[in-house]
Amino acid sequence: MSAMAVEFKEDYLQAYRLKSWLLTTDHKRIGLLYMATITFFFFVGGAAATIMRLELMTPKGDVLPSPDAYNRLFTMHGVVMIFFFLIPSIPAVLGNFLIPLMIGARDLAFPILNLLSWYVLMIGGSIAIGILIFGGVDTGWTFYTPFSTMFSNTMVVPAATAVFIAGFSSILTGLNFIVTVHTMRAPGMTWFRLPLFVWALYATSLIQVLGTPVLAIAVALVAVERLLHVGIFDPALGGDPILFQHLFWFYSHPAVYIMLLPSMGVVAEIVPCFSRRPIFGYKLIAFSSVAIAVLGFLVWGHHMFVSGQSMYAGMIFSFLSFMVAIPSAIKVFNWTATMYKGSVRLDTPMLYALGFIGLFTMGGLTGLMLASVAIDVHVHDTYFVVAHFHYIMVGGAVMGYLGGIHFWWPKMSGRMYSELLGKLSALTVFIGFNLTFFPQFVLGYLGMPRRYYEYPAEFQVLNVMSTAGASILAVGYVLPLAYLLFSLRRPPDAGPNPWRASGLEWQTDSPPPVHNFEEIPIVTRGPYQYSPEGAEAIDGNGDDASR
Amino acid sequence: METVTTHRASGPPAAPSDEPILEVQFDDLEQQHEASSVGMWVFLATEVMFFGGLIAAYAVYRAISPSEVALASQHLNVGLGCLNTVILLGSSLSMALAVRAAQLQSRRNLLWFLAITAALGACFLGVKAVEYYQEYREHLIPGWNFQIPAQVAAKSSSLPLDPRRFEMFFVLYFFMTGLHAFHLIVGIALVSVMALLTWRRWFSGSGETQIEVTGLYWHFVDVVWVFLYPLLYLIDVQS
Amino acid sequence: MSGHVVSVRTNITIFVALLILLFATVGAAYLPLESLHLPLALTIAAAKAVLIGLFFMHLYYRHHLTWIVSVASLLWLGILLALTLSDYLSRGWLDIPGK
């Protein structure tokens, strides 16, 4: 036993050769592979957004050569950001890294499958980048038929292939998480002792496993109709184009919750830690995650109110969409109640989490406006919708992702980052984000349609504000990349538990050893053992609980 | 095996070769078996939704143009479809017996049943190929040689029939049965690999977990066909 | 660790039951049932699927988790079909073309 106890002092970052990364089956390393990949895609998608914002600074089209180039740009922005950044973001990076650590396991249930899913994403991503280089797609990320199948003369089939392949990466990740949470929990880790992050990821995995295949079949049908010219969706060939929208949104609406639920899980970890209070309403938050995942599958028709869908179906979908507000509001109230009478510390992760709560609330409430048929008919396909889903996806999902990265960076790398720069980046992102997207609410309500390359001069002031905000936002996103990478130059200094958090993942070393725990811990208590009196964790270093 | 025994507080003694290997992330064989089995079940849930998208398309077009769908399905060969169902049900029986043989560690029986399963799967594909060839002869393959059959064209001039929906049935038919055939090909490959590995005595233990999980997949492909057969072939056989 | 071993006898009984159901569904297709064809065919197919699931796939002998997974997948398929069809079947109700 002593020989291998020494072996276990080695942390998971110790082997440096390329092969040791490319063939790794360690969930922590695979998490980092994903992190590098999606960071790359984030900046690719961000570059597209930057050019779009520059184009929209003036009413006339002057930056890009043609409206067609603009179409390709917003399509690539959407495809890359959604399928190659947001959907893999928290699940594949933080979920991979944290789930085994949080439930007290040595790895995920299927480590090789886990590596395979990264390679699958890389294949899909390579196709996406190839499309970007060789001409692009102009259908929008939604691939609406019959434009995508019959009229677009861009690379629709390769794009459909890329999405199809990336979908399988997502399915395999979700499958791995579901099996791991079910079968690999440490002794004593009952369902109601699971951290809420794990609950959120579990709910997310349900969506990935049950929703993604429908998207795969929808884009496969698009490819078949386009290649063989047989009727499926094209009305000229006897098809019904709205059927595509049904199949597409059956996945793509729940996909919003793939992006959002994990962020909610991150916030549920950060808020108690930096308030020194046990989470308020643990079970309600846990069940609301599952409720959001289930209800999320019942509302897709609210994307189709003006598409020719039956009005009665529209009414049902509208009603069901309002239902999703209930579990979402439960979460917001519970996070807020957790902070009440807590000893709140505004460290970087907490700033991001607070930003998430505010921006998500904005995004969610405007979502309720859009869920009511009458308002949706008015603002459909305007910048109001664009602003709404960016409040959810960027203000929500990306804030949560960055908050999670800042919270667990000491665990992942063993290093602390500059707290000053961290706070600065959180504030910059928050301010830049609101300046970018709040004007878009106004623009949309005034009637500026989305996906246009030119616009009437009366909209210019708000568009310039938005572009100015985007440049601030860009600084806010580059800043963490710089100081987090810079922190790697120092020797590990974080210690096992710099935030004095009480989760299981903080009871092992930072960075964790190869198989996470020297001995599998026996869990005897819930995940949020905080008390505000003296702002002291009950046992920050976890000495009694795990040994 | 070293890594397994080293990090465990009370590791088991070095496993004899007829015991299945325990992967490092698991505590015991039962957990490992459980994870594999649940993993396959979750994958099958994914597969249900994968076929589900097609079934939804089928349901929509059958709901909005029932007469075209009924008319088109009369051009399928009910007898060959029935024969294929019998073949697949038989292959499922054989697969179930293979799983039993693996559980009982009876290597000879296991090899036999796996071989029978794969052979019946190949028979199914053969019959399916005959059907596809008949449909090719009747010019019923959309995107390749599709022509509205003469008697249907005659009917559609007198009845309100949409010939494009008639063709759509065959688009869905070929997509659904083609996807099913693809799954069956994967299944045959899996079963063959399992048979080969059993024959080469590659498995530690009797490969029980692997065979069982392969069996789950095989039965799922069978269940899909059990639904496809009445949905595609038996819509309107009387007229 | 090994699961329940299903006897040869049970396996063959199930197989025979499946064949009977198959011939029942083919036979039913030739009966003059009009609109009842589809529900009957789906019921028989569901019965066959249940038999295969319970005995060939060992659901009968396994604990609740696999039950939940298999039932959930069917439930989700039901959601997809029901809500999609709710659009198509209610389109003609309002006397406006396309709605």
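1. Salt bridges between chains C and B: the count here is 2. A salt bridge is a side-chain nitrogen of Lys or Arg within 4 Å of a carboxyl oxygen of Asp or Glu. The side chains of B:Glu34 and C:Arg62 meet in one, at 3.6 Å from N to O. If you wonder what is behind this, side chains of opposite charge can pair when their charged atoms come close.

2. Before you go on, a word on what you're looking at. This is a predicted model, where local features need pLDDT of at least 70 and side-chain atom pairs count only at pLDDT 80 or more, while totals for chains, interfaces and linings use all residues. Residues are numbered from 1 along each chain as its sequence is written, chains are lettered from A and ligands numbered from 1 in the order in which they are written, and side-chain values use heavy atoms, leaving out hydrogens and water.

3. Back to chains C and B. Their contact (heavy atoms within 4.5 Å) takes 49 residues from chain C and 51 from chain B. About 4200 Å² is buried between them, and carbon and sulfur atoms give 79% of that. Buried area is the accessible area (1.4 Å probe) that two parts lose on being put together, summed over both.

4. Now chains A and C. Here 22 residues of chain A touch 16 residues of chain C, and the two chains bury about 1800 Å², 73% of it on carbon and sulfur atoms. On the chain A side, A:Leu210, A:Ser310 and A:Tyr312 lose the most area to chain C, together 26% of what that side buries.

5. The rule finds 1 salt bridge across this A and C interface. A:Asp240 and C:Arg91 meet through their side chains at 3.2 Å, N to O. A:Asp240 sits in the loop between helix 8 (196-228) and helix 9 (241-275) of chain A, and C:Arg91 in the segment after helix 3 (64-89) of chain C, so the pair joins two chains. Helices are DSSP runs (H or I, at least four residues), numbered from the N terminus. Over all chains, the structure holds 12 salt bridges.

6. Last, a helix pair inside chain A. Helix 14 (residues 383-413) and helix 15 (residues 419-446) of chain A pack at about 165°, with axes 7 Å apart. Axes are lines fitted to C-alpha atoms, for helices over the stretch in contact, and angles run from 0 to 180 degrees between N-to-C directions. Helix 14 and helix 15 of chain A are therefore roughly antiparallel (angles over 145 degrees).

Key: Parallel < 35°, antiparallel > 145°, perpendicular 65-115°, else oblique.
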